Amino acid sequence: MSGRPRKGRPVAFAPITPESQQPDPVLGLKFTIEARHGGTVLVDMTGLHPRSLAIAFAGALRRSAALGGPIGAASVIKQYVNACRRFFAWLSDDALDVAGVTDLRAAHIDGFASALEQRGMGAIHRHISVGKIVNTLRVIEADRPDRIAPDLHERLRYTLATSAGRSTPRDAYSPFVARALRDAARTDVEAMFRRLGADDRADEGDLVIARARADVEAIIARQGFIVADHSALKSLYFMRLRRGLPIRTLIDDLHGRHNLLARDLPALLVLLTLDTGLEPECLKALTIDCLANPHAGTVELRYLKRRARGAEHKSMRVRDGGSGTPGGLIRRLIDVTAAARKHLSDDRLWVYHNAGRLRAGIRYPTERIATWVAQHDIVDDDGKPLHLLLSRLRKTHKALWYTKTQGHMTRFAVGHSREVAARHYADLPSLRPLHETAVADAFRAAVAAAIPTVLPPTAEQALREAPEQATPLMPSDTVGPLLDGEQDVWLAACAGFHNSPFAEVGSPCAQPFWGCLDCPNAVITARKLPAILAFLAFVEEQRLSLSATDWAAKFGRVHARITAQVVPAFSDAVVADARRQMESERLYLPPEARA
């Protein structure tokens, strides 16, 4: 070899012949869809007419739910089927001329939306229902664009011409209800862990029953559960029955020492939701590898949020330690369900015994949650039986965290943008008193900042004796001249005539004379009471010559300041003496008061 590189040749690839698109093999109206989440769904559209259009919709639904399609959850597939049924029912009543896809026009979409509105369907629900029809037609158009009329093609660019509006967020439960739920859940979870793996000595006094029970539990330990008609279980059942021993919960009692039970799920779901704020659908889909990267008493909780398109895989930091923390509770659940999980070969966290066999995953816990609430006699704020929604528990967690962070959005908006956190989790009816209190406090602080300093005679004497107390307002060496009247303006003494909050520093105050009553530089002593009372008399006389609106705009605030804050600061004797001075002296009223 010469060591020099050889001249290369251009790379050539064999030509690729694209495969011809195969028609949808499903032409019937009854079939099953294996959803990516939620199991198998039976789709039955045999009652929809016209048949040609129904077949097109059924094929589009099947393609949308296939791998890579936009529909992945079984519940969403069912929602599409229900929307199609509504649409076809409307077509059969008001669009008899439609026989297939080619007959559909934009007017049919708008007519269907109008019909839903006339039936009282809300804007958001109507937007969702029409959107499912539009999405289905878009799939049909992508497959066969020649079958879509031109005006329908333009109409498929949007769902509705009107806005769907803003949804009303679910409210959080009160701290009273949250405390009751948390206490009940903790009690049940602690009892559950004590039950798992505990030695059962209830039948020690009867060796025959003890042996029969040991045989049953050996089967449960070996295969994970025992069926109801197994001979060993039936033998134990009748032995206990003949001896008058309790048998109503025998199945759960036998399996409860080895596995989680379905009745354990409500307490676990309530406790984890209140502690983490995780969405119910995400909590129910946790897997055994959900914990990672422990650090400084916390652990990363990884979960799947299917509706977050493009960002489904998420994580949050939660407390980690004993079973009283979210991380410790999940880790212990993984341990106690490990044996049952081997029999199912499933990586989901929720593995439990129910209805005679082991199950993985949680689908419809509503009934068991209602039973759990009733067992603990949990009531709402009105004393009525509580209707518990897991989604409101998430709002409750957020509301409690909002209260703890005192509304600091940087700390509060964990996992959300500030806008979403404020709109969906801070703007809740249950937090309205907190917001109203904050607004009221802000107004009180603003008013307090503008209140003049009122010095009754005792306070004035104390300030003369200790002038350093006035340091935040004025230098101590100016206290004497101010109290002696050398810095008087019409209604008060001014601690900073050239340092007014209403003008540039160094320039004289340009406010009307009654502006002193809204100025923090003003100092009102008993010496100024006659002038203030004279001005108050003038203000009240103006009611006779001004309309109520004009009087309130000009004098309402200063009248309230005098009557509610200035005069009550002085004793009755001081006020009475000031009124005598006001009547015996002719006081000058500046011209701007009459303007």
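Analyst: A helix axis is here a line fitted to the C-alpha atoms over the stretch in contact, and the angle between two axes is taken between their N-to-C directions, from 0 to 180 degrees. The model under discussion is predicted. In this model, helix H1 covers residues 51-64 and helix H4 covers residues 123-143. Their axes come within 9 Å and cross at roughly 90°. Because angles of 65 to 115 degrees count as roughly perpendicular, H1 is described as roughly perpendicular to H4.

The residues that form this crossing can be named on each side. Helix H1 contributes Ala56, Phe57, Ala60, Arg63 and Ser64 to the contact. Helix H4 contributes Ile133, Thr136, Leu137, Val139, Ile140 and Asp143.

The wider setting is as follows. The protein has 23 helices and 11 strands. Of its 595 residues, 41% count as buried. Among contacts with a separation of 6 or more, 62% are accounted for by residues 24 or more positions apart.

The surface may be considered next. The protein exposes about 33500 Å², and carbon and sulfur atoms supply 53% of that area. A nonpolar surface patch of about 270 Å² is made by Tyr237, Phe238 and Leu241. Tyr237 lies in helix H8, which spans residues 231-242. With a relative accessible area of 32%, Tyr237 is partly exposed.

Terms used
Residues numbered from 1 in each chain as written. Predicted model: local features only at pLDDT ≥ 70, side-chain atom pairs only at ≥ 80, totals over all residues. Heavy atoms only, no water. Patch = residues over 30% accessible without salt bridge, like charges linked within 9 Å, V, L, I, M, F, W, Y side chains within 5 Å. Areas by Shrake-Rupley, 256 points an atom, 1.4 Å probe, with all protein chains shown as cover. Salt bridge = Lys/Arg side-chain N within 4 Å of Asp/Glu carboxyl O. Helix = DSSP H or I, 4+ residues; strand = E, 2+ residues; numbered from the N terminus. Buried < 20%, exposed > 50% of the residue type's maximum accessible area, 1.4 Å probe, protein only. Parallel < 35°, antiparallel > 145°, perpendicular 65-115°, else oblique. Contact = heavy atoms within 4.5 Å.
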